[in-house]
Amino acid sequence: MDILYLILPLLIGGAASLLLGINENGKRYSKYAAFAGALGSSILTLIALAYPAMLQYGQIAWFTASGSISFPLSFSFGYINQVLLILVGIISPLIFLYSIGYMDEPGEQGRYYVELSLFAASMILLAVSGGFITFFIAWEGLGITSYLLIGFWMQKDAPPYAARKAITTIVIGDIMMLSGILLIWASLNTFNFAAIISAIGAMAAVPISIIVALALIIFGAFTKSAQFPFHEWLSDAMEGPTPVSAFLHSSTMVKAGVFVVIILLPIITHANLLWVLLVFGIITSIVGAFNASGSTHLKKILAYSTIEDLGLMFVALGLNAVSAAVAFFIVQAIYKALLFMNAGSIMKANNDEVDIYQVSSFSRNRLLFAVGIIGAISLAGIFPASGFFGKLLIDSAASSNATVYIILTVLDFVTGFYIFRWLFIPIGHIGKNGSAAIRAKYSALSKAMLVPQVILAAIALLLTILFLYALTSVSIQAAVILTAASLFGILSAYLLFRTSPNNLWERSRSREFLSKGFFVNKAYAYIASGIAAIAIGIESIDGAINRLVYVGAEGILRIGNSMRRTGNGIVNTYVAALAIGLVLLIAILVFVI
Amino acid sequence: MIPLILLIIIPSAFFAAIAVFRRYGRILSTVSALAGLALILFIFGSSLISGSAAVISQSYSYIPSLGIQFTLSVSNISLVLLLMASIILLATSLSGNMGLEKETLSSLLIVLFQIGAYGLFISGNFFIFFIFWDIGVIAPFFMINVLGSANRRIASYKFILYELFSSALLLTAIILVYFYSPGHTLNIYSLAGLYSSMPIYIQETIFSLFFIAFMINMPLFPLHTWLPDAHSEASTQGSMMLSGILTKFGGFGMLLIFITMPIARSFSLYIAALATISAFYAAFLMMRQRDIKRIVAHTTIIEMSIIMFSIATMTAIGYEGALYGMLSHGLVVALMFLAAGGIEHMFHERNIGVLKGLSKYSKTTSYVFLIGIFVMSGLPLTTGFVSDLLIFIGGINAFGIYGIVPLFSLILLAGFMYLVINRSFFANKQPTKPSEHLPQAAKAGYAILLLSIFIFGILPFIVLNLVNSSIL
């Protein structure tokens, strides 16, 4: 089986759902076609993982330029490729299933499913890429499909704006990534990951052009993985449909950047650039965690929490703790997909209301509440949930570095605090529409929306067994500190939001400050107006050039006009001109020659 | 080998036919474009199969007293450009004139331009080159002056004055070449080894004259000011031809002089710097535009500057990148002008501040425009990605780490284009209502151009295998 077959069902499903979506009678089958495609891809992926021997991959020649420079498509099936494939293989059909329940408006479904299928296909292609050309094709595919999906609801105000913010950040990242790829090619004449790693690993000193190239690639990865200062697009990306958010934040898109950094980590270490990952990871996780505590938007809290999680992954990579980063990579995908699906269900029951003070609680639907709690304790890092091990491994990796360890422990506390704030506040509200209407809506929630959440919750718990089986030694001290910090966070959330009637936190200045996102958006606006100012300057230069041309043309016209006036038909003028000319000619003959 | 002169005779016959059978102008011009495309595909295919690297030349006696022959040659560069030109011409004559006003005239002008473009790309000596250069300028002049929109008069005079200035320089250079070349030869391809026998200052003068002449046509900063006016005031068909094909005249000339004149090496660094400045300059200038056709016109300056940069790398891969860039840019800019023309036709409005939510009522055109942006920003599996790869590998090979700088102008280009498309196309809260439908013919034009973009983007080896043997 060729490795490219893995994406074939998705492409077929996407095309079928587009064609069905155009047809008036076929419209309602559009979603099933797409789901079948996703399921097919996922089954093929799982078969490939089970029997890797029957998989064919390697290098396909694409084209050759200038006689000898070849651009091959390389594929690889190493452990990190497999990890990402498992995640996409599990989560993608669940997202399509959830979409069947969530996207219940019949119009435009064809467009939604074709975009979502292309998005999932790009992610699978990225997961099996073994060289930069394949990787970049998938990378750009993710970029444009996420742009289309975020801006899916064009008739609303916010989504087009959010999509623009996303695509602008993505374009910056794409250009940086492409520059880095080409600079690496210019030094090593290869696009293949394995060849690049072994070539740079063999160098005694890494040349400056490769350091620049790696820096460009790292910052390119930061744009997709929403690291400071490129993180704000991700919180705005909440304007897209919730299944898209769940997909975007868990196993796809944001993981693309982490994925490429994990692959290139040996040479990033060799080039002494780990500190970049560590510094930006710490800044990002702090910004993400505190923004999450300040927001009152049901999905934005989760989005900022993703930003924090990604920051933690980069912290782990910056500490060169690959296994910790990969473990967190896995558990985060599961619990984040679960939490977003949970938030989507709440929104659905509350008529798309997103303010946590306006929505009504989960307790009206016990199942939703239960899976929500599993997701929340997994995020907070409490024992029976697998999130605990992800956090524990990162904390243990940091234990040799006191500053980082303290920061991580504080973040553990904040995480426990904000996710239980997210959980507690909506309980006990009656909601805008009154309890009876909401209760009816909760019980009318489609099974297609609940089943994926139950499956994900089960996986989040089952992964714990896997960790218990696989981990040989854990630091008890780190485990105790982690649990204590998280529980303390949860306790503070409980005291503030469940017991005290007038809660201090919500009206405090600090929350107001945090909800402003550390003025990153303002900084973006300043940069944009700076560029606009340059444009105004350039425009005036252009006006000057244009005027110069006109002045020149006018000058020539004037010369022509004055020359014309000499031909006025009066004999006297001609005789005078003749005389002056003769005198000048004689003068030149006499004096010059 | 078929006689190359057929490429000139066939459109000329159709030109005469349109003048006689006025009612069938559109059909005849489409057939003419199809016939041209078929011929070129035949030549292209036979070159690809035979794999011949040599330039094929055919000569006819023309002015024996001066030793000037009517020489026609196809090199690999001209084959690629001919292919691009015929695809654009087909799409143009099939779809462009949406208002159906003065259809005979516009068909006549398209076929006239076809003669000019084919003749220029297959010209074997500079004498022929000059003749067809001027034919290629006359047709767009009338496209602007007669068929254009509100400010067409000023724009057309500006265009013709710049182009006349350009052809005056070109003629001076050609005369110098004639007098200083051994044996008074004007043959473009056999001159390659002969320039070095001329005195250095003559070589420098000839190069500078050629360079400025082609630079006006491409265009590059600071001689670009004719372009936004001309391209935005021309009729849709005029814009497609101007941006898609006419700017490639200059690019073709640049490729020829950089490949054949060894003196180019002493200028190349400055020219690369100028091209880089030009790309950023045009990108910033683009941000101040509100007219959708002017915006697309400015992308032409950016992309042509990047192509100039690629030529100035003076590496084999840079030349290939420039050639592929011209192929890519010609197709995509024709597509974008066609889409812009479709919008103008449907909504009677070109100001992006007024147009809102176009995707509500004109889905096809909106997505076509979006794909155009994808191509310009270098999306893989389209021609834009292949040309970006080749151009910037050439750039890094020639200038090291600085060779990547012009790539960053694409951030400005793509960033602004996405802003435009988001505000005016994909924010549907209060959509503008169209007053007319998009003609089916325009969709055929979209299909032809999109298909070519994806074919050459997914299967770039079709073209590159031909060029790999030899760029000339």
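**A tour of helix pairs and a chain contact**

Begin by selecting helix 2 of chain A, where S30(A), K31(A), A34(A), G37(A), A38(A) and S41(A) meet Q109(A), G110(A), Y113(A), L116(A), S117(A), A120(A) and I124(A) of helix 4 of chain A; residues are in contact if their C-beta atoms, placed from the backbone, lie within 7 Å, and helices are DSSP runs (H or I, at least four residues) numbered from the N terminus. The residues of this contact divide into six nonpolar, six polar and one charged, where Ala, Val, Leu, Ile, Met, Phe, Trp, Tyr, Cys and Pro count as nonpolar, Asp, Glu, Lys and Arg as charged, and the others, Gly among them, as polar.

This is a predicted model, in which local features need pLDDT of at least 70 and side-chain atom pairs count only at pLDDT 80 or more, while totals for chains, interfaces and linings use all residues. Residues are numbered from 1 along each chain as its sequence is written, and chains are lettered from A and ligands numbered from 1 in the order in which they are written.

Next, select residues 236-260 and 292-312 of chain B, helix 9 and helix 11, which pack at about 15 degrees with axes 11 Å apart.

Finally, show both chains: the contact takes 41 residues from chain B and 41 residues from chain A, and helix 15 of chain B gives the most to chain B's side, with seven residues.

How values were computed
Axes fitted to C-alpha atoms, helices over the stretch in contact; angles between N-to-C directions. Helix = DSSP H or I, 4+ residues; strand = E, 2+ residues; numbered from the N terminus. Contact = placed C-beta atoms within 7 Å.
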